[in-house]
Amino acid sequence: MPSVIWWGRSDRDYSRNRICRQLLQSIGYELIDFSPRISALADIEAQLKGLSADLVWVPCFRHRDVAAASRWARKKNIPVLFDPLISAWQKQVYERHKYEVESSAAQRLLKRETRWLQAVDMVLLDTEPQRQMFMQRFNLAPEQTACVYVGAEQPLFSPVQAAHGPALVEVLFYGSFIALHGVETVIAAARRTSHQPHIQWVLLGDGPAKAQAQQQAAGLANVRFEPSLPYALLPQRIAQADIVLGVFGGSEKAAQVIPNKVFQALACAKPVITRASVAYPAGIAHGPNHGLWQIEAANPLALAEAVMQWSLGARDKGLAAHTLYCTHFSESRLQQQLLAALSAMHLKPQ
């Protein structure tokens, strides 16, 4: 059985990591977990432990582990795959606005991240626009990059029957309340439907933008906030909703991604309204007559109108939502994408 070293002190319960680990196991890989004490010296620790494998996988967000993993792997002639999920440079410049794009600090970070990415054999991205951005920004060859969607963990996220009130329509947003999500657009849209008492908006989760969202929603009887739930309970909570919301931020990053919640809601047979993005597969069915409706980013009026139109028959969109998921984002589809990435690295799992 081929083996892969899962390299770095990562959060193995994070959804992207859980799904990638499941995919690796489903195509025949044995996972070897390696959590070094010091990231920068991990190659020495790996050598002392006598590690060996057919592949090194550096999971998402673990940019700091790439240098040592690459040093060790080169000596062993073992290929390295890095699944960054985000660009450290893009996050600090365009999301956190910590550095100006032309600043010396931003340029140093860009050069450092470029070295990390060019040191590995394969950079795995979650959407095609992200792949194109990484190739252009970090000067990566097409054959050094591949795309595997985030997807939804199976069988956890599956259609679940739940009781619904006959007249109430629940619109559910959930997440970590970061700028990418465009929570202010959700609240502004809810305000526009305040004259429709049968439409209730629920914002679930915690994060940096939550306090501001609560202030923005003050006095709105049709908006309710709920705290974060354990991951295992999320499918049941999704089942209670009639419409699930994606993201609505207007940033470059928001335009390049398909958020976890979109995959998860579709897998649970719930119709989704989210901002338009070229990250979705070409030709994917969307709009008011389908289970996925993409609207203009940062547009509360468009969101309010979409919710009001769907409030008349959102429960009838569930089958279309689940069919779309099975067609484009199922576990078998993600397996195909991962196998293509490994094949480009001349790896053939048994």
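By cavity I mean a set of points, on a 1 Å grid over the protein atoms alone, where a 1.4 Å probe fits but cannot get out. Before I go on: it's a predicted model, where local features need pLDDT of at least 70, side-chain atom pairs count only at pLDDT 80 or more, and totals for chains, interfaces and linings use all residues. Residues are numbered from 1 along each chain as its sequence is written, and side-chain values use heavy atoms, with hydrogens and water left out.

Lining residues have an atom within 4 Å of a point, and among them are I19, L23, Y325 and L334. Which helix gives the largest share? That's α1, with three residues; helices here are DSSP runs of H or I, at least four residues, and strands are runs of E, at least two, numbered from the N terminus.

Now the sheet. Six strands sit in an open, parallel arrangement, ordered β2-β1-β3-β4-β5-β6, where pairing takes at least two DSSP bridges between two strands. At the edges you've got β2 (30-34) and β6 (145-147), each pairing on one side only. Over three bridges, β5 (residues 122-125) pairs with β6, and V123 stands opposite T145.

Technical notes
On a 1 Å grid over the protein atoms alone, a cavity is a set of points where a 1.4 Å probe fits but cannot get out, and a pocket is an open set with protein on both sides within 12 Å along at least five of seven lines; lining residues have an atom within 4 Å of a point.
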